[in-house]
Amino acid sequence: MFYQSQKMKLRCVRIVKKGRTNDIVICEDLHTSARNLYTLLVIREHEMVKTYLEVFEQAGLAAQDSYIDCFSDQGAFCMVFAYQQERPLKEFYMGESYTLTECENVCFGIIMACITSNLPYPLLYLILEQGQLHLSKDHTVCLGYQIDLEELDPGKTERDCAVQCASILRDLLKPKASQKAFSYRLLEKKIARKSYGQLMELYKDIRITAAPGQKMGFRKRAAGWFRRNQDGLFRVLLYLCAVLAALVLLSLLSQLFLGDIPWLRLLFNGFKIIGTETLVR
């Protein structure tokens with residue numbers, strides 16, 4: 001499946017979702033040798049196209065500043081966004097393993113990603129609500145664009161985004177509630193009062209109440225390292241088990257057909273016979 005614009009020729013690599021309003025497709029651009037990946041939103045419902053463009057117009061933003069390309073293809077309106085490797089925050093964030101400072105740094109990353117997104121608030125709210133926050137290996141946070149536009153509400157404002165973002169940050173900091181997590185306590189109080197109206201206000205609150213950097217002990221660092229890398233470690237163990245199983249099978253076949261296991265001689269009988277002389281009496 002291909003999608004053609006004036007400057008891009010996109011080949012479908014993977015279909016993420018086919019929705020009632022729009023499809024979400026991961027594509028590569030055949031016009032570049034790098035074959036970079038992109039997230040493509042294909043809107044087939046004309047009313048949604050109109051609503052989408054009105055959202056940008058109401059925000060006073062140029063739609064082309066928020067995505068890479070847009071074009072019509074076979075009656076559908078297509079928008080090309082940068083592709084973000086899928087590392088959903090809810091799956092890759094390990095609050096139990098991180099220090100309070102590391103947790104708060106992730107929170108800063110989320111707020112800054114929102115503030116610098118150059119997206120209308122209805123779209124930003126949809127990204128937050130649908131969990132399109134991705135945690136990179138270096139703990140930076142990026143926004144993803146694999147969103148279902150059926151839930152797009154043009155009436156969402158910065159206040160809605162700030163409240164939604166504050167709820168996400170509170171959940172991330174909750175594992176540190178038993179510590180002196182002043183940021184978590186402040187979030188709880190202000191969310192209960194629905195006090196947040198701006199994203200910058202949220203950023204200032206976290207910055208003011210952030211804990212000073214602390215070093216973990218060796219045991220905590222080791223435990224945290226193991227939790228962060230347990231998938232890779234288990235994969236290595238799986239490969240080792242596969243190799244051992246192959247050796248056992250090979251040894252069994254060798255014993256059945258040859259009556260001996262040749263490679264064991266190197267370990268146990270290597271010096272019984274030297275040349276034509278035997279050392280065993």
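In the predicted model, Q74 counts as exposed, because its relative accessibility of 76% lies over the 50% cut-off. Q74 is found in the loop that links β5 (69-73) to β6 (76-82). Although Q74 is not a glycine, its phi is positive, at about 55°. Most residues other than glycine have a negative phi. A positive phi, near 55°, is also seen in K194, likewise a residue other than glycine. K194 is placed in the loop between α6 (182-192) and α7, and with a relative accessible area of 64% it is exposed.

Helix α7 (residues 199-209) packs against helix α5 (residues 158-173) at an angle of about 30°, and the two axes are 8 Å apart. Angles under 35 degrees count as roughly parallel, and α5 and α7 are therefore roughly parallel to each other. On the α5 side, the contact is made by E158, C161, A162, C165, A166 and L169, which meet L199, L202 and I206 of α7. Of the residues in this contact, eight are nonpolar, one is charged and none is polar.

Both α5 and α7 are also among the elements that cover the buried residues of helix α4. Helix α4 (residues 121-129) is largely enclosed by the rest of the structure, because seven of its nine residues are buried. These buried residues are P122, L123, L124, Y125, L126, I127 and L128. Helix α4 is followed by G131, which has a positive phi, near 70°.

Definitions and conventions. Residues are numbered from 1 along each chain as its sequence is written. This is a predicted model: local features need pLDDT of at least 70, side-chain atom pairs count only at pLDDT 80 or more; totals for chains, interfaces and linings use all residues. Side-chain values use heavy atoms; hydrogens and water are left out. Axes are lines fitted to C-alpha atoms, for helices over the stretch in contact, and angles run from 0 to 180 degrees between N-to-C directions. Helices (H or I, at least four residues) and strands (E, at least two) are DSSP runs, numbered from the N terminus. Angles under 35 degrees count as roughly parallel, over 145 as roughly antiparallel, 65 to 115 as roughly perpendicular and the rest as oblique. Contact means heavy atoms within 4.5 Å. Ala, Val, Leu, Ile, Met, Phe, Trp, Tyr, Cys and Pro count as nonpolar, Asp, Glu, Lys and Arg as charged, and the others, Gly among them, as polar. Buried means under 20% relative accessible area, exposed over 50%, partly exposed in between (1.4 Å probe, protein chains only).
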